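Here is a short note to read alongside the model. Please keep the sequence and the 3D view open while going through the numbered points.

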Amino acid sequence: MKSLIRLGTIVGLLFTALASAQAATVNWTGAGGDSSWQTAANWSGNILPATGDDVVIAGSGEVVFSSGNTTIRSLQSTRNISITGGTLILKAGASTIQGKLTLKAGSLWAQGAGVQLNATGAVAYDGTSLSATDGATISLPQLVSISRTAAGDAKFYAEDPSSTIEIGR
């Protein structure tokens, strides 16, 4: 019985070590020739950001997240970010978007205790589902507009008592 417990512990530690080893900092290069998050050639190593990655987007211009479901550890961006479809989930630590954040469609989530998203640039909201869950905080101090150009509701979710969405100047 003790051998089985030890084997289970060793296997668990091995999986944890492998998951940690795969996490990396992924940098935007823009070498793909477009502004799409989903173009692998726009990222260091020609690999899309994945679970556990810290994403860094430096420079000027816009990066458009338009489809798919992507979970990353954190996001640091000086560029404008537009969410036009799909789901982007931030899972750990502090994330900052210094450029304009445009929320047109899809979903943007901050998920987990201690997770913080601070959008310090202008924020324009037109339909993205915005969610803070499991103790996360989203701060939009420069929210400049909330509008709906399509059918549906504006959706802001702070899904439990320890999660918050801060809006205003």
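1. Thr102 counts as buried, because its relative accessibility is 14% and buried means under 20% relative accessible area, with exposed being over 50% and partly exposed in between (1.4 Å probe, protein chains only). This residue is found in strand S8, which covers residues 101-111; strands (E, at least two residues) and helices (H or I, at least four) are DSSP runs, numbered from the N terminus. Once the neighbours within four places in sequence are set aside, Thr102 is in contact with Ile81, Ser82, Ile83 and Ala124, where contact means heavy atoms within 4.5 Å.

2. Before going further, please keep in mind that this is a predicted model, in which local features need pLDDT of at least 70 and side-chain atom pairs count only at pLDDT 80 or more, while totals for chains, interfaces and linings use all residues. Residues are numbered from 1 along each chain as its sequence is written, and side-chain values use heavy atoms, with hydrogens and water left out.

3. Leu101 also lies in strand S8, and Leu101 is buried because its relative accessible area is 0%. Which residues does Leu101 contact, leaving aside its neighbours within four places in sequence? They are Ile81, Leu108, Ala119, Ala122, Val123, Ala124 and Leu140. The C-alpha atoms of Leu101 and Ser82 are separated by 5.9 Å, although these two residues are 19 residues apart along the chain.

4. For the protein chain as a whole, there are one helix and 15 strands, and buried residues make up 36% of its 169 residues. Among the contacts with a separation of 6 or more, 28% are between residues 24 or more positions apart. The chain exposes about 8500 Å², of which carbon and sulfur atoms supply 56%; such areas come from the Shrake-Rupley method with a 1.4 Å probe, and for residues only the protein chains shown count as cover.

5. Side chains of opposite charge can pair when their charged atoms come close. The structure holds one salt bridge, a term that stands for a side-chain nitrogen of Lys or Arg within 4 Å of a carboxyl oxygen of Asp or Glu. Asp54 and Arg73 form this bridge, and their closest N and O atoms are 3.1 Å apart. The pair links distant parts of the chain, since Asp54 is in strand S2 (residues 54-57) and Arg73 is in the loop between strand S4 (69-72) and strand S5 (74-77), 19 residues apart. Asp54 is partly exposed at 22% relative accessibility, and Arg73 is partly exposed with a relative accessible area of 35%.

6. Rings of Phe, Tyr and Trp (its six-membered ring) pair if their centres lie within 6.5 Å, and planes under 30 degrees apart count as stacked, over 60 as edge-to-face and the rest as tilted. The count by this rule comes to four aromatic pairs. One of them joins Trp28 and Trp43 edge-to-face, at 5.0 Å centre to centre and with 85° between the planes. Trp28 lies in the loop between strand S1 (25-27) and S2, as does Trp43, so the pair ties together parts that are 15 residues apart in sequence. Both Trp28 and Trp43 are buried.

7. Trp37 and Phe65 also form an edge-to-face pair, because their ring centres are 5.4 Å apart and their planes are at 75°. Trp37 is in the loop between S1 and S2 and Phe65 is in strand S3 (residues 62-65), 28 residues apart. Trp37 is buried at 2% relative accessibility, and Phe65 is buried at 0%. Ring pairs link Trp28, Trp37, Trp43 and Phe65 into a cluster.
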